[in-house]
Amino acid sequence: MEQTKLSNAGVARNISSGKSEENINVSQTKGVMYLHIAPCGDHWTGTSIFAAKHLQPDYVRSIALPPGFEEDDVDLLEEILDCEGTDVLQKIYDSKCLPQNVTVMMEKAQKEKEDGQ
């Protein structure tokens, strides 16, 4: 269970089995990538739901990324989030989902990548 760290949000551990705060069985999320985001905008990606004993539940939110998102797409997501700025990070944190414009940009870039191969 490898995480790609994009910015620092403190010491944490990953759940490898059991249930998350939202009662999502981790075995049902196999192959899903997550954007983990803290209220301050710190963010990183990982292949498992985030949990930390020293933080309140749901302090850092794990947002499931669109189907087909792979570790190779982390740089693309980071670039999009950097271009969009802190407002979009706050929106993601508050809404617990990716805004439509971010999803569309990712899908467009993935299609261009596939067409170029």
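The dialogue below goes through the features of one predicted protein model.

Q: What kind of model is this, and how are residues numbered?
A: The model is predicted, so local features need pLDDT of at least 70 and side-chain atom pairs count only at pLDDT 80 or more, while totals for chains, interfaces and linings use all residues. Residues are numbered from 1 along each chain as its sequence is written, and side-chain values use heavy atoms, with hydrogens and water left out.

Q: Which secondary-structure elements does the protein chain have, and in what order do they run?
A: Helices (H or I, at least four residues) and strands (E, at least two) are DSSP runs, numbered from the N terminus. The protein chain has six strands and three helices. Read from the N terminus, the order is β-β-β-β-β-β-α-α-α.

Q: What share of the contacts joins residues 24 or more positions apart?
A: Contact means heavy atoms within 4.5 Å. Among contacts in the protein chain with a separation of 6 or more, 64% are between residues 24 or more positions apart.

Q: Which residues of α3 are buried, and where do they sit around the axis?
A: An α-helix has 3.6 residues a turn, so residues three or four places apart point the same way. In α3, the buried residues include Val102, Thr103, Met106 and Gln110. These residues cover an arc of only 100° around the axis (taken from the directions from the helix axis to the C-beta atoms), which puts them on the same side of α3. They pack against α1 (74-84) and α2. The face turned away from the buried side carries the exposed residues Gln100, Lys108, Glu112, Asp115 and Gly116.

Q: What span should α3 have, and how far apart are its end C-alpha atoms?
A: The expected span of a helix is 1.5 Å times one less than its number of residues. For the 17 residues of α3 this gives 24 Å, and the end C-alpha atoms are 24 Å apart, which agrees.

Q: Which residues of α2 are buried, and what covers them?
A: Val88, Leu89, Ile92 and Tyr93 are the buried residues of α2. Seen down the axis, they fall within an arc of 140°, so they line one face of the helix. Their cover includes β3 (34-37), β4, β6, α1 and α3. Asp87 and Asp94 are exposed on the face turned away from the buried side.

Q: What is the phi of Lys96, and where does this residue lie?
A: Lys96 is a residue other than glycine with a positive phi, near 65°. Lys96 is found in the loop between α2 (86-95) and α3 (100-116). With a relative accessible area of 39%, Lys96 is partly exposed.

Q: Which residues does Arg61 contact, and is it buried or exposed?
A: Arg61, in strand β6 (residues 61-64), is buried, with a relative accessible area of 15%. A polar contact is a pair of N or O atoms within 3.5 Å; within protein, one must be able to donate a hydrogen and the other to accept it, and residues adjacent in sequence count only if both atoms are side-chain atoms. The side chain of Arg61 reaches the backbone oxygen of Tyr93 at 2.3 Å. Leaving aside neighbours within four places in sequence, Arg61 contacts Leu35, His36, Ile37, Tyr93, Asp94 and Lys96.

Q: What separates the C-alpha atoms of Ile63 and Cys97?
A: These C-alpha atoms are separated by 6.0 Å, though the residues are 34 apart along the chain. Ile63 is also in strand β6 and is buried at 4% relative accessibility. Beyond neighbours within four places in sequence, the contacts of Ile63 include Met33, Ile92, Cys97 and Leu98.

Q: How many disulfides are there?
A: A disulfide is a covalent bond between the sulfur atoms of two cysteines. The test is a pair of cysteine sulfur atoms within 2.5 Å, and the count comes to zero. Cys40 is exposed at 57% relative accessibility, and Cys97 is partly exposed at 38%.

Terms used:
Buried < 20%, exposed > 50% of the residue type's maximum accessible area, 1.4 Å probe, protein only.
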